[in-house]
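Work through the exercises below with the model open beside you. Try each task before reading its solution.

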Amino acid sequence: MATPDRIPADGDTALIDQLDASMIALSFVDNAGITRVKAVPKQRLDLASWYGVGVSPCFETFAFDDLMTVGRYLGGPDGDLRLVPDLSKLTELACQPGWAWAPADKYTQDGTRFVACQRHFAARQADAARAAGLGLSMAFETEWSVGRDDDTDGFTPAVHGPAYGIVRLGQVAEYAADLVAALDRQGVAVAQFHPEYALGQLELSVEPSEPVTAADEAVLVRHTIRQVSARHGWRALLAPCIEPGGAGSGAHLHLSVHDDEGPLFAGGDGPHGIRRTGEAFLAGVLRELPALVAVGAGNPASFLRLEPSRWAGVWQCWGRETREAALRFITGIRGTEGWAANAEIKCFDATGNPYLIVGSVIAAGLAGIAEQLHLPAEITGDPVTFDAEARRMSDVRRLPTTPAEAADHLAASRVLATAMGAELHDALLTVRRAEAERYADASAEEIVALTRWRF
C-alpha cells in the first residue's frame with residue numbers, strides 16, 4: 001500500500017512514546033450506527049499511522065444485526081481497506097486502563113481516501129462550510145438508561161425514583177462523579193448531567209466542538225458510559241426504545257453557525273434575531289428532515305421512540321423552545337444570545353452514525369443557503385392537538401413513521417445523494433432498506449430485544 005494522503009504529524013512518534021497504554025483501539029462507525037473496532041499494540045501504532053490496519057469493505061453494508069446485504073457498489077467478500085488512526089485525537093482511556101483510543105479514517109490499498117468513508121464525509125462537509133465562510137459548532141446530547149447486569153434476558157432498571165428527581169440522582173451520585181471524571185481525563189468537557197424521564201434514564205451534555213470532533217466525542221462518550229457502567233455492576237442501554245409504549249433515549253444534535261461578522265442565530269432582524277443566512281441554513285435542514293431521519297434515526301427501534309407527545313421531535317416544523325418540533329430553536333436567556341443561541345434537532349438517536357449525521361446536517365444547511373430558503377411560520381404547542389385545518393395552515397407534517405418510509409425519503413434526497421456521493425448514499429440506503437424489510441413484521445417486543453444492547 002502507498003503512503004496515505006494524510007501524513008502523520010512530526011510530533012506523533014513522541015506522542016506514542018509517552019503513552020502509558022499498551023493497546024490502542026481504532027474505531028469506525030458503520031452505516032447502521034454500530035461502532036466497529038480493530039486494535040494494535042502500542043509498538044505497532046506508528047506503523048499503523050502510516051500504512052493502516054486492514055478491514056473488509058463488507059462492513060459498509062452490515063446491518064445492526066451483523067447481517068450483510070450487497071449494495072449497488074459496496075458489500076460482499078472482496079477487497080480490503082486500511083484504517084488509518086487520526087493521532088491528533090489519540091486519547092488514553094481513563095475508563096479502560098491500559099488502553100488508548102483513536103478514531104480512524106478509511107483508505108484504499110493504494111493510499112487514497114476511500115470514497116465512502118463516513119468520517120471523511122463529515123470532514124468534507126465541514127470544509128465546504130469553511131469554504132463558504134462559515135464555521136460550525138456542534139454537540140450531541142447523550143441519553144441512556146442503566147440496568148442491572150444480572151438481568152441477561154431483559155432490562156431491569158438499576159435506579160428508581162421520580163423523573164429528573166434528586167432521589168434518582170442520589171442513587172447514581174458516585175457513578176456520575178466517576179463518569180464525569182473519566183471524561184475529563186479523556187479531554188471531553190461535560191456541560192451538564194441529570195436524571196431523565198424514562199426508566200433508569202440519565203442524560204449528559206458536552207461542550208460544543210467543530211463537527212468532526214463532535215462526532216468523535218459522541219463515540220468516546222458512549223464507550224465511556226458503557227465501561228464506567230460495567231465497573232459499577234450495571235449495563236448501559238443507549239438504544240432508542242427501552243420498553244414498548246414508553247419514552248425512549250435520543251441523541252439530540254445541537255448546532256450553531258457563525259461567519260466573520262459573528263453568529264448567524266443572533267443579532268439579525270429575522271425571527272428571534274436570526275440573521276438571513278442563518279434562516280436559510282435552518283430552512284435547508286428543516287426541508288431535509290424526512291431524509292435525515294433515515295440517517296440519524298432509521299433503525300426499526302427508532303420508530304418505537306418517534307411517537308407524538310413524547311418530546312421526540314416527530315413533526316417537520318420549528319419553533320422557539322418548542323419540544324414537540326423536530327427543529328427546536330434556543331435563544332438563551334437575555335444577554336447571552338450572541339454565544340448561546342443554537343438549534344437542536346430532536347429526532348436523532350444513537351442508532352445514527354454521528355459522522356453521517358453532522359455531515360448530512362451541514363449539507364442540508366448549505367443547500368438551504370445556496371437556494372436562499374426561508375423558514376415557515378414557527379409553531380407553538382403540540383401539533384397532535386391541531387385540527388386538520390390548523391395543521392395545513394401551519395404546514396406541519398409528521399416525519400416518517402416507518403424505516404421503509406424514511407429510506408424512501410433518503411433515496412429521493414438530491415441534496416444528500418450529491419453530498420454523500422453515489423457509493424456512500426447507496427450503502428446507507430442498502431442498510432436501511434435491509435433492516436426495514438427484515439423486521440417489517442417483527443413485534444415491538446422483538447425489535448426492542450434485538451436492539452437493546454447493540455448500541
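**Exercise 1.** How many residues does the largest nonpolar core have, and which residues have the most contacts inside it?

*Solution.* The model is a predicted one. Step 1: the largest nonpolar core holds 130 residues. Step 2: the residues with the most contacts inside this core are Trp144, Leu253, Leu255, Phe265, Ile345 and Val361. Step 3: helix H6, residues 276-296, gives the core its largest share, 11 residues. Step 4: apart from this core lies another, of 11 residues, including Ala32, Ile34, Phe64 and Ala198. As background, nonpolar side chains in soluble globular proteins tend to be buried together.

**Exercise 2.** Leaving aside neighbours within four places in sequence, list residues with which Phe265 is in contact.

*Solution.* Step 1: set aside the neighbours of Phe265 within four places in sequence. Step 2: find the contacts that remain; among them are Leu255, Ser256, Val257, His272, Gly273, Ile274, Gly278 and Leu282. Step 3: continue along the chain to Phe329, Ala341, Asn342 and Ala343, which are also in contact with Phe265.

**Exercise 3.** Why is the chain described as being as compact as a globular protein of its length?

*Solution.* Step 1: count the elements, which are 14 helices and 16 strands. Step 2: compare the radius of gyration, 21 Å, with the 23 Å from the globule rule for 455 residues; the values are close, so the chain is as compact as a globular protein of that length.

**Exercise 4.** How far apart do the centres of the positive and negative side chains lie?

*Solution.* Step 1: the chain has 40 positive and 60 negative side chains. Step 2: the centres of these two sets lie 1 Å apart.

Terms used:
Residues are numbered from 1 along each chain as its sequence is written. This is a predicted model: local features need pLDDT of at least 70, side-chain atom pairs count only at pLDDT 80 or more; totals for chains, interfaces and linings use all residues. Side-chain values use heavy atoms; hydrogens and water are left out. A nonpolar core is a set of buried Ala, Val, Leu, Ile, Met, Phe, Trp, Tyr and Cys residues joined through side-chain atoms within 4.5 Å. Buried means under 20% relative accessible area, exposed over 50%, partly exposed in between (1.4 Å probe, protein chains only). Helices (H or I, at least four residues) and strands (E, at least two) are DSSP runs, numbered from the N terminus. Contact means heavy atoms within 4.5 Å. The radius of gyration is taken over C-alpha atoms; the globule rule is 2.2 Å times the number of residues to the power 0.38. Lys and Arg count as positive and Asp and Glu as negative; His and the chain ends are not counted. The place of a charge is taken as NZ of Lys, CZ of Arg, CG of Asp or CD of Glu.
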